Amino acid sequence: MGRVTERRRTIRIRDGAATARPDTLVAEEPLEIRLNGRPLAITMRTPGDDFALAAGFLVSEGVVGSASELRSIAYCAGARDDGTNTYNVVDVRLAPGVPVPDITLERNVYTTSSCGLCGKASLDAVRTSTRFPVADAPPVRIGPGLLSRLPDRLRAAQRVFDRTGGLHAAALFSEKGELLDVREDVGRHNAVDKLIGRAVREDLLPLSRVILLVSGRASFELAQKAVMAGIPVLAAVSAPSSLAVDLAAESGLTLVGFLRGPDMNVYAGEERIALRSEV
């Protein structure tokens with residue numbers, strides 16, 4: 001298993017004075033995800049929670065939606081020519097009877113740490129039908145005051161960020177503001193997949209009474225991952241994209257952006273936010 005952090009020599013300049021010293025950096029390594037032995041995708045990720053990452057990726061792609069559909073997840077032995085294991089190749093085996101998508105036609109993709117959807121055949125192909133319609137989720141009502149406290153709780157839980165300053169984070173909170181889980185990764189989409197993957201392996205989907213908070217912007221892919229997992233509220237400390245707002249409006253997802261202290265913008269699904277005045 002690769003390490004979450006690595007040490008590298010750097011020249012530190014402060015007030016014009018230069019000194020050589022080691023610096024702690026976040027690790028970034030490729031992970032190849034195979035489905036029933038066949039290559040499906042490669043993502044650049046921070047090592048750790050690789051099985052959850054693979055499972056969450058399959059939820060986001062609409063392949064699985066429950067723990068019973070996953071037969072096994074394992075590292076592929078002998079990933080190198082010399083037979084050593086790099087722990088950078090994961091094979092997911094589906095349970096008997098679970099349909100296997102035609103990955104040769106739709107997706108066989110290299111994904112970077114900043115884009116989890118590069119290589120999709122078309123925008124229509126991304127709009128995968130969810131098994132857990134957010135619009136049908138139990139009613140959730142959240143006050144702006146509760147939302148305003150979540151970024152500080154997320155930041156306090158970012159242990160690796162404190163050492164590297166170079167990781168995205170995603171967290172699940174209860175509707176009462178309790179921190180349920182947090183994951184860090186060099187890719188924000190990977191952090192979300194790790195959360196969702198841990199949930200599906202524990203058979204907790206749909207996540208119909210939680211809030212998903214991400215440390216960066218809210219892209220279309222993150223909105224899609226929330227919808228695919230049945231998450232009713234997605235909040236981000238930065239801006240959403242136009243497609244994220246469109247998807248949120250179409251699916252019934254509550255989308256909050258620029259969540260900074262008491263200030264925030266609600267782009268869709270405002271019925272779940274307990275506003276003091278009518279807008």
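User: What is the mean pLDDT of the chain, and what share of its residues reach 70 or more?

Analyst: This is a predicted model. The mean pLDDT is 84. Of the residues, 83% reach 70 or more.

User: Where does pLDDT stay under 50?

Analyst: One stretch is residues 105-110, for which the model has 20 contacts beyond four places in sequence. Another is residues 112-123, with 35 such contacts. Where pLDDT is low, the predicted coordinates should not be read in detail.

User: How many helices and strands does the chain have, and how much of the chain is buried?

Analyst: There are eight helices and 13 strands. The chain has 279 residues, and 52% of them are buried. As for contacts between residues at least 6 apart in sequence, 53% join residues at least 24 apart.

User: Which residues have the most contacts inside the largest nonpolar core?

Analyst: Leu58 and Leu212 do, in a core of 52 residues. Beyond its neighbours within four places in sequence, Leu212 is in contact with Ala170, Ala171, Leu172, Val192, Leu195, Ala226, Ile231, Val233, Leu234 and Ala235. Another core lies apart from the largest one. That other core has 19 residues, including Ile142, Leu147, Leu154 and Ala157. In soluble globular proteins, nonpolar side chains tend to be buried together.

User: What makes α1 mostly covered?

Analyst: The count of buried residues does. Helix α1 spans residues 50-60, and ten of its eleven residues are buried. They are Asp50, Ala52, Leu53, Ala54, Ala55, Gly56, Phe57, Leu58, Val59 and Ser60.

User: What covers the buried residues of α1?

Analyst: The cover includes strands β3 (29-35), β4 (38-45), β5 (70-75) and β6 (89-94). Helices α6 and α7 are also part of the cover. Just after α1 comes Gly62, with a positive phi of about 80°.

User: Why is α6 called roughly parallel to α7?

Analyst: Look at the crossing angle. The axes of α6 (residues 188-201) and α7 (residues 220-228) cross at roughly 5° and come within 10 Å. Angles under 35 degrees count as roughly parallel, so α6 is roughly parallel to α7.

User: Which residues make that contact, and how do they divide by type?

Analyst: From α6 come Arg188, His189, Val192, Asp193 and Ile196. From α7 come Glu221, Leu222 and Lys225. The residues of this contact divide into three nonpolar, one polar and four charged.

User: How do you know that α7 is mostly covered?

Analyst: Nine of its nine residues are buried. They are Phe220, Glu221, Leu222, Ala223, Gln224, Lys225, Ala226, Val227 and Met228. Gly230 follows α7 and has a positive phi, near 75°.

User: Why is Asn36 called partly exposed?

Analyst: Its relative accessibility is 28%. Buried means under 20% and exposed means over 50%, so Asn36 falls in between and counts as partly exposed. Asn36 lies in the loop between β3 and β4. Asn36 is not a glycine, although its phi is positive, about 50°.

User: Why is Asp203 called partly exposed?

Analyst: The relative accessible area of Asp203 is 49%. Exposed needs over 50%, and buried needs under 20%, so Asp203 is partly exposed. Asp203 is in the loop between α6 and β10. Asp203 also has a positive phi, about 60°, although it is not a glycine.

User: What makes the peptide bond from Leu205 to Pro206 cis?

Analyst: Its omega is near 0°. Pro206 is found in the loop between α6 and β10 (210-214).

User: Why is Tyr267 called partly exposed?

Analyst: Its relative accessible area is 30%. Tyr267 is found in strand β13 (residues 263-268).

User: What does Tyr267 touch?

Analyst: Not counting residues up to four places away in sequence, Tyr267 touches Pro240, Val245, Leu255, Gly257 and Phe258. Pro240 is 27 residues from Tyr267 along the chain. Their C-alpha atoms are separated by 8.5 Å.

Conventions:
Residues are numbered from 1 along each chain as its sequence is written. Side-chain values use heavy atoms; hydrogens and water are left out. pLDDT is the predictor's confidence in each residue, from 0 to 100. Contact means heavy atoms within 4.5 Å. A nonpolar core is a set of buried Ala, Val, Leu, Ile, Met, Phe, Trp, Tyr and Cys residues joined through side-chain atoms within 4.5 Å. Buried means under 20% relative accessible area, exposed over 50%, partly exposed in between (1.4 Å probe, protein chains only). Axes are lines fitted to C-alpha atoms, for helices over the stretch in contact, and angles run from 0 to 180 degrees between N-to-C directions. Helices (H or I, at least four residues) and strands (E, at least two) are DSSP runs, numbered from the N terminus. Angles under 35 degrees count as roughly parallel, over 145 as roughly antiparallel, 65 to 115 as roughly perpendicular and the rest as oblique. Ala, Val, Leu, Ile, Met, Phe, Trp, Tyr, Cys and Pro count as nonpolar, Asp, Glu, Lys and Arg as charged, and the others, Gly among them, as polar.
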